[in-house]
Amino acid sequence: VDEDTCMVDMARYFLDFVQDESCGKCSPCRIGTKRMLEIITRICEGKGEEADIDKLINLGNMIKDTALCGLGQTAPNPVLSTIRHFREEYEAHIRHKRCPAGVCPGLVRAPCQNACPAGVDVPGYISLIGEGRFKEAVILHRENNPFPGICSRVCPHVCETKCRRQTIDQPTGIRQIKRFMADQDKTLSLPEIKINLENKKKKIAIIGAGPAGLSCGYFLARLGYAPTIYEAAHRPGGMLLQGIPDYRLPRQVLNKEIGILKKLGVKIKTNVRLGEDITVRELRKTGAQIVFLGLGAHRGSGLNIPGEDKKGVVQAVDFLRDHNLGRKVKAGRKVVVIGGGNAAVDAARTAVRLGAEEVTILYRRTQAEMPAYKEEVEEAQKEGINIKHLVSPVEITGDSKVEEIKCGQMALGDFDKSGRRRPISIPAKTFLLETDMVIPAVGQSADLTGMINNLDIKIDQRGFIEADPVTGQTSVPWIFSGGDIVSGPATVVEAVAGGERAAVGIDKLLSNKDNAFWRKYKEIDTAFNPDEDPVDYLRVKSKTLPLSCRKGNFKEIELCLSEKSARKEAKRCLRCEYKKIAPQ
Ligand code: FAD
């Protein structure tokens, strides 16, 4: 049983079995388990209601207490224990109409689409590309996610991880095909927009022009609103601009896609900082009916070791932000980066491009556990970055500035809650590394100082804003929030999804109706023949910029597929949404 097993479906299976086996002599077992099976079947079909979990618990406990024999008394156990340990899966079925494992047929069209946090119709746009209908494909993508060009470059592509084609050979190259599609879209094709003069008059303020704020603005604009986005930096983009380097996400791609917001009439006011230039209360006083907070998680976490306040220790987010916003940044000669995520690898590769002679990444687990994308880690190694695994910093030393870093050797212990093996230190084994710059990249937290004073916004234990997972509404009804400031550091596509959920939540609050027309499934007319055998060739590989062309510049590394290759790759899609191939 792993993350591909649906706990709700498993409990349903057991109840079905009990119903078959029940002798029917006592009503708790005969009738009670039948009612439980009806409820759980309804949940699996996406028709569950908020009160269903409590109903299942009450019924289950009653049946346990009153059934006459062992079969009846134990019948509710699979339901009760799956609710106890996997309640979030039940909630996902009921509240989000999503089966996280991708199992329940009533909720899952295709595993790739189900896995995408933004719910993009992956098989739809892939098949349109296969037929050369690029404009229709990009419009279909923008129904649920305005940024195909950005996401084709930086998304963790969970869609590919769940692609059923890998049971035959390799997953379809969804990200590469999408990249080709987005690069063809020179005119920024837009999906349906509803003009609504009433909505246009309602004032909505969005703080933060990262993917969450931009996405919230995009979906509100499609419902006829004209929100204003306030951004502290001099350019919009959030971590897309301030964190992710150009060699992964060229600025012309970012600027082009942000241009969609302008096309939709969303105003973006830059160089305006919440807490300094404006406050939420002032926005409210000047007529904002709703405020959305998409502030991100911009404070780098500390290492908690002696010497980390020395000159020459620079947080990865600060190092990258300064460089990406055009401030003069000098990399050290011998740079040590600490961490194993995308931010660590981005900082290391940026340091190489800024002239560092030697760059070493220290990571406390093994390479297999590094959260950074595998291809990024491989490219970093090709660029000469040395990754030392099972190593953790113990102390940073030096007189006035960083000179050495003392490192401790680690080993892997038992599995922790994240499912990875916990690193444990081997006290006797330490060594020294000479360095003149240390870049910690071990996590990010929220910095809400001076931003939400005198507002009753609930903050969770980690310091992030608490918001309703379905609507993004905070404990202050007219304030909504989404993206990293709610989830903690996550991904671009999750921030896009958070912005969309909040836009729908805001509209529901203002109009008392569900107007999210893009969420309704659209039938696409394609030439796919489900009776044909799948094509039998392997995945097309995209090329990368030769190493000799990367020195001292930030040119994009991954190159785009040709039209022929993109369309050929698109034909590898199995079109799982057709019932013949979808899970039974
Ligand atoms: P942000 O993108 O952080 O945007 C928040 C915005 O709010 C910023 O523009 C900020 O300037 C603005 N803001 C903050 N405070 C104020 C204020 N007081 N007043 C006005 N404006 C304010 N994700 C991926 O999916 N793929 C990747 O490859 C990837 N790589 C990453 C690499 C790095 C180095 C980092 C740091 C992150 C990476 N991420 C990646 C994570 C991803 O960038 C974030 O999850 C995403 O950007 C979060 O979006 P957001 O809109 O919530 O916040």
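Q: Which atom of Gly294 lies 3.4 Å from an oxygen atom of the ligand?
A: That atom is a backbone N or O of Gly294, which makes the pair a polar contact, because this term covers N or O atoms within 3.5 Å of each other (within protein, one must be able to donate a hydrogen and the other to accept it, and residues adjacent in sequence count only if both atoms are side-chain atoms). The model is predicted, so local features need pLDDT of at least 70 and side-chain atom pairs count only at pLDDT 80 or more, while totals for chains, interfaces and linings use all residues. Residues are numbered from 1 along each chain as its sequence is written, and side-chain values use heavy atoms, with hydrogens and water left out.

Q: And how far is the backbone of Val492 from an oxygen atom of the ligand?
A: A backbone N or O atom of Val492 lies 2.8 Å from a ligand oxygen, and a polar backbone atom of Pro211 is 3.2 Å from an oxygen of the ligand.

Q: How many residues surround the ligand, and which are the closest?
A: There are 38 residues around the ligand, and Val154, Glu231, Arg248, His298 and Asp484 are the closest; a residue is near a molecule or strand if one of its heavy atoms lies within 4 Å of it.

Q: What's the shell around the ligand like by class?
A: The shell has 21 nonpolar, twelve polar and five charged residues, where Ala, Val, Leu, Ile, Met, Phe, Trp, Tyr, Cys and Pro count as nonpolar, Asp, Glu, Lys and Arg as charged, and the others, Gly among them, as polar.

Q: Which helix gives the most to the shell?
A: Helix α18 does, with three residues, and the helices that supply at least two residues each are α13 (211-222), α14 (239-242), α17 (316-324), α18 (342-353) and α21 (492-511). Helices (H or I, at least four residues) and strands (E, at least two) are DSSP runs numbered from the N terminus.

Q: Switching to strands: what covers β1, one face or both?
A: Both faces of β1 (residues 204-207) are covered, with Ile204 and Ile206 buried on one side and Ala205 and Ile207 buried on the other; buried means under 20% relative accessible area, exposed over 50%, and partly exposed in between (1.4 Å probe, protein chains only).

Q: How many bridges join β1 to β4?
A: Four bridges join β1 to β4 (residues 290-293), the two running parallel, and Ile204 has Ile290 as its bridge partner in β4. Strand β1 also pairs in the parallel sense with β2 (residues 228-230) over three bridges, and there Ile206 stands opposite Ile229. Two strands pair if DSSP finds at least two bridges between them.

Q: What's the strand order in the open sheet of four strands?
A: The order is β8-β7-β6-β12, with parallel pairing. Strands β8 and β12 (437-440) are the edges, each pairing on one side only. Within that sheet β6 (residues 334-338) and β7 (residues 358-362) pair over five bridges, and Ile338 has Leu362 as its partner in β7.

Q: And the open sheet of three strands, which order does it have?
A: That sheet runs β9-β10-β11 with antiparallel pairing, and its edge strands are β9 (391-397) and β11 (421-434), each pairing on one side only. Strand β10 (residues 404-415) and β11 share nine bridges, and Leu412 stands opposite Pro423 in β11.

Q: Is Glu383 buried or exposed?
A: Glu383 counts as buried because its relative accessibility is 14%. This residue lies in the loop between α19 (374-382) and β8 (386-388), and its side chain makes a polar contact of 2.7 Å with the side chain of Arg349.

Q: What about the phi of Leu188?
A: Phi of Leu188 is near 55 degrees, a positive value in a residue other than glycine, whereas most residues other than glycine have a negative phi. Leu188 sits in the loop between α11 (174-184) and α12 (197-201), and counts as buried because its relative accessibility is 10%.

Q: Where is Asn271 found?
A: Asn271 is in the loop between β3 (267-269) and α16 (280-285). Its phi is also positive, at about 60 degrees, although Asn271 is not a glycine, and this residue counts as exposed because its relative accessibility is 51%.
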